[in-house]
Amino acid sequence: MRFSMWCCWSFDGLFGGLLKVVKACSDILPTRTNLCQRKIPLDPACAVCNQHDEMVAHALWGCPMARNVWAMVAGNLQKRCSAAEDFYSLVRELMSVLTTKEVEVWPIVSWVIWNARNRYLCDRKQTHPSNILLGAMTLLQEYQRLN
Ligand SMILES: [Zn+2]
């Protein structure tokens with residue numbers, strides 16, 4: 001990736017989102033599982049699908065809400081297995097198979113999925129997967145125009 005940590009810290013829009021994805025590699029996004037580990041009394045089940053504990057890999061990759069978005073992304077991202085043991089394993093696998101362009105697409109789509117989840121959980125406003133993907137592609141084009 002062409003992003004430096006300085007860029008991530010200095011621009012609160014797109015790069016702030018990318019930083020959140022990078023932080024997710026450390027499992028510090030406030031998923032229900034992570035909040036439970038911080039002694040916050042919550043049911044760790046995913047509040048969107050209630051089918052799996054809400055870990056970072058599930059929220060950004062394995063949850064049906066995320067899968068509906070990834071299914072519309074062309075190329076390797078669409079075809080990858082939905083199961084991921086943990087976020088590190090997922091990132092390692094993806095980085096070994098994705099093209100350079102897909103490596104740029106992946107964190108942006110992940111960030112927009114995370115925001116769509118939060119919008120759904122906080123405001124009960126569900127964003128259609130095609131609109132989530134459109135938002136991500138718009139941000140990617142903005143990023144590419146600036147670089
Ligand atoms: Zn889920």
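Student: Why is Q126 called partly exposed in this predicted model?

Tutor: Q126 has 13 C-beta neighbours inside 10 Å. A residue is buried at 20 or more and exposed at 12 or fewer, with partly exposed in between. The value of 13 falls in between, so Q126 counts as partly exposed.

Student: Where is Q126 found, and what is its C-alpha separation from M65?

Tutor: Q126 is in the loop between α8 and α9. Its C-alpha atom is separated by 9.7 Å from that of M65, and the two residues are 61 apart along the chain.

Student: What makes N118 exposed?

Tutor: N118 has 12 other C-beta atoms within 10 Å. The class of exposed residues takes in counts of 12 or fewer, so a value of 12 still places N118 in it. The residue belongs to helix α8. N118 and V48 are 70 residues apart in sequence, with 9.9 Å from C-alpha to C-alpha.

Student: How do you know that K39 and N50 are exposed?

Tutor: The same cut-off of 12 or fewer applies. K39 has 6 other C-beta atoms within 10 Å, so it is exposed. N50 has 9 such neighbours, so it is exposed as well. K39 lies in the loop between α3 (32–37) and α4, and N50 is in the loop between α3 and α4 too.

Student: What is the phi of each of these residues?

Tutor: Phi of K39 is near 70 degrees, a positive value in a residue other than glycine. N50, also not a glycine, has a positive phi of about 60 degrees.

Student: Which residues make the contact of α8 with α9?

Tutor: On α8 they are E104, V105, I108, V109, V112, I113 and A116. On α9 they are I132, L133, G135, A136, L139 and L140. By class, eleven are nonpolar, one is polar and one is charged.

Student: Which residues of the largest nonpolar core touch the most other members?

Tutor: The core has 30 residues, and A57, L60, A66, V109, V112 and I113 touch the most other members. Two or more residues each come from α4 (56–62), α5 (64–70), α7 (87–97), α8 and α9. The largest share, nine residues, comes from α8. In soluble globular proteins, nonpolar side chains tend to be buried together.

Student: Which residues is A66 in contact with, leaving aside neighbours within four places in sequence?

Tutor: A66 is in contact with A59, L60, W61 and I113.

Student: What does the chain look like as a whole, in elements and in burial?

Tutor: The protein chain has nine helices and zero strands. Of its 147 residues, 30% count as buried. Among contacts with a separation of 6 or more, 50% join residues 24 or more positions apart.

Methods:
Residues are numbered from 1 along each chain as its sequence is written. This is a predicted model: local features need pLDDT of at least 70, side-chain atom pairs count only at pLDDT 80 or more; totals for chains, interfaces and linings use all residues. Two residues are in contact if their C-beta atoms, placed from the backbone, lie within 7 Å. Helices (H or I, at least four residues) and strands (E, at least two) are DSSP runs, numbered from the N terminus. Ala, Val, Leu, Ile, Met, Phe, Trp, Tyr, Cys and Pro count as nonpolar, Asp, Glu, Lys and Arg as charged, and the others, Gly among them, as polar. A nonpolar core is a set of buried Ala, Val, Leu, Ile, Met, Phe, Trp, Tyr and Cys residues joined through C-beta atoms within 7 Å.
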